[in-house]
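I opened this notebook to record what I looked up about side-chain contacts. The entries follow the order in which I took up each topic.

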Amino acid sequence: MSEETVRRVVEGYTSGAVPDYQMSALLMAVFIRGMSYEETLDLTRTMAESGAQYSFPECLDKHSTGGVGDKISLTSLPIAAACGAPVAKLSGRGLGTTGGTIDKLHSIPGFSFDLSEERMRRQVKEIGLAITEAGDLAPADKAIYALRDTTGTVDSLPLIGSSIVSKKAATGAGYLLYDVKSGSGAFMKNADEARELAELLVRLSKSLGVEATALITAMDEPLGSAVGNALEIRESVRFLRGDPSPADLSEKSRTVAARLLKLKGINDPENTVERAIFSGAAYETFLRFVSAQGGDVRALEHTPVSSKVREVAAPQTGYVARFGALGIGHAALLLGAGRQQKGDKVDPGAGVEVLLKTGDKVEEGQPIARLYGERNVEKAAQIVLESLEISNAPVGRPPVILRSL
Ligand code: URA
């Protein structure tokens with residue numbers, strides 16, 4: 001397709017001139033045949049230009065392709081901002097078993113994403129961190145994504161790549177880090193698929209004039225302990241305050257923050273990150289950011305997690321060989337932490353806290369997880385139990401960061 005054809009189709013579909021049945025036929029053709037790089041870039045650019053376009057060339061953004069318990073935006077971005085690297089971020093809602101930063105922050109009473117470009121600019125200047133949702137950015141992607149969802153054409157590399165990069169390009173940050181997840185709890189189930197997507201995201205971004213880099217990271221078990229909106233806010237706050245935190249969360253938050261600083265050309269990124277956490281500057285930045293977007297910071301002291309708690313016990317003694325992210329994500333979804341159908345109401349206090357990680361020793365009867373919430377509790381408990389694989393022999397800890405592009 002020529003650039004002119006791509007533009008005509010995308011503009012026509014967004015305005016209603018191209019009907020669903022014609023667009024569905026094109027999406028299915030792309031799903032089956034793929035697209036050339038030039039076509040993918042034209043599609044990305046056209047979708048980016050389909051609505052409002054912000055401009056934050058001095059700012060960073062980061063994108064995660066979605067995981068279970070992935071709260072790294074909440075931890076790494078306040079660190080980067082506290083280190084003098086301004087962040088203007090676009091976030092999304094949860095999709096299936098993968099959580100979304102918007103749903104997590106919405107669990108803080110009063111928190112709002114209703115930011116104009118001007119208000120975002122002021123907040124970036126004053127605090128160094130602002131997060132918006134797509135709103136009127138890249139409306140063509142919103143329309144096409146909804147059609148992909150109903151026609152079984154989501155899972156296509158050029159369509160995923162153009163969808164993600166178009167929204168980021170419309171938000172206008174000049175520096176982007178992609179965190180592409182690989183594993184059972186991610187869209188990309190293996191490292192080769194994840195590398196292909198990471199390379200495409202970086203290439204498309206660079207073609208559109210954005211400095212970009214990518215990490216490929218593990219998503220076979222939940223990240224940290226908490227899975228669910230208020231639960232993840234609580235775990236992030238504890239990490240930023242310097243409280244003891246799960247090792248994988250701590251390592252990944254630091255690595256991502258340091259990579260963001262490196263992308264911006266800031267010297268000595270690792271030590272700069274340590275100082276921002278140790279001094280309390282990162283936590284202070286998080287509090288100011290929450291307050292600036294209308295959130296009640298006093299609520300962070302007693303995060304509104306559900307008071308209905310059910311513990312699940314280990315069925316036998318041994319070593320944890322796997323505590324599968326997909327199963328835990330599914331259990332959290334059933335408890336109400338995500339949406340099974342578009343339009344479902346999320347329970348912000350619902351979710352799962354995993355009390356064991358791969359490699360840990362476990363005794364029969366020991367609590368392995370806590371379930372929060374009132375929906376589908378017995379079914380969720382059964383899925384959590386099925387997600388746990390116990391080995392008689394010791395098991396090593398898996399790596400957190402798999403590859404860096
Ligand atoms: N996330 C997006 O924004 N778009 C896709 O196509 C898939 C995941």
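For these entries I call a residue buried when its relative accessible area is under 20%, exposed when that value is over 50%, and partly exposed in between. I note at the outset that the model is predicted.

**Entry 1**

I looked up the salt bridges and found 31 in the structure. I began with lysine 357 and aspartate 248, whose closest N and O atoms are 2.8 Å apart. Lysine 357 lies in the loop between strand 9 (351–354) and strand 10 (361–362), and aspartate 248 in helix 11, so this pair ties together parts that are 109 residues apart in sequence. Are the two partners buried or exposed? I recorded lysine 357 and aspartate 248 as both buried.

I then turned to glutamate 301, which forms a salt bridge with arginine 241 at 3.7 Å between the closest N and O atoms. Glutamate 301 belongs to the loop between helix 13 (281–292) and strand 7 (309–313), and arginine 241 to the loop between helix 10 (229–240) and helix 11 (247–263), so the contact joins parts 60 residues apart in sequence. Arginine 241 has 35% relative accessibility and therefore counts as partly exposed.

**Entry 1: lysine 361**

I found lysine 361 in a salt bridge with glutamate 363, at 3.8 Å from N to O. Lysine 361 is partly exposed at 47% relative accessible area, and glutamate 363 is partly exposed at 43%. I also noted a salt-bridge network, in which shared partners join Glu3, Arg7, Glu11 and Glu49. Returning to lysine 361, I saw that its charged end sits over the ring of tyrosine 319, 5.4 Å from the ring centre. The charged end of arginine 203 sits over the ring of tyrosine 37, 3.5 Å from the centre.

**Entry 2: aromatic pairs**

How many aromatic pairs are there? I counted 4 aromatic pairs. One of them joins tyrosine 54 and phenylalanine 56 edge-to-face, with 6.4 Å centre to centre and 80° between the planes. Tyrosine 54 and phenylalanine 56 are buried. Phenylalanine 286 and phenylalanine 289 form a tilted pair, with 6.1 Å between centres and 50° between planes. Both lie in helix 13, 3 residues or about one turn apart, and both are buried. Ring pairs link Phe286 and Phe289 with Phe111 and Phe113 into a cluster.

Methionine 28 lies in helix 2 (residues 20–33) and, at 34% relative accessibility, counts as partly exposed.

Definitions and conventions: Residues are numbered from 1 along each chain as its sequence is written. This is a predicted model: local features need pLDDT of at least 70, side-chain atom pairs count only at pLDDT 80 or more; totals for chains, interfaces and linings use all residues. Side-chain values use heavy atoms; hydrogens and water are left out. A salt bridge is a side-chain nitrogen of Lys or Arg within 4 Å of a carboxyl oxygen of Asp or Glu. Helices (H or I, at least four residues) and strands (E, at least two) are DSSP runs, numbered from the N terminus. Buried means under 20% relative accessible area, exposed over 50%, partly exposed in between (1.4 Å probe, protein chains only). Rings of Phe, Tyr and Trp (its six-membered ring) pair if their centres lie within 6.5 Å; planes under 30 degrees apart count as stacked, over 60 as edge-to-face and the rest as tilted. A charge sits over a ring if NZ of Lys or CZ of Arg is within 6 Å of the ring centre and within 35 degrees of the ring normal.
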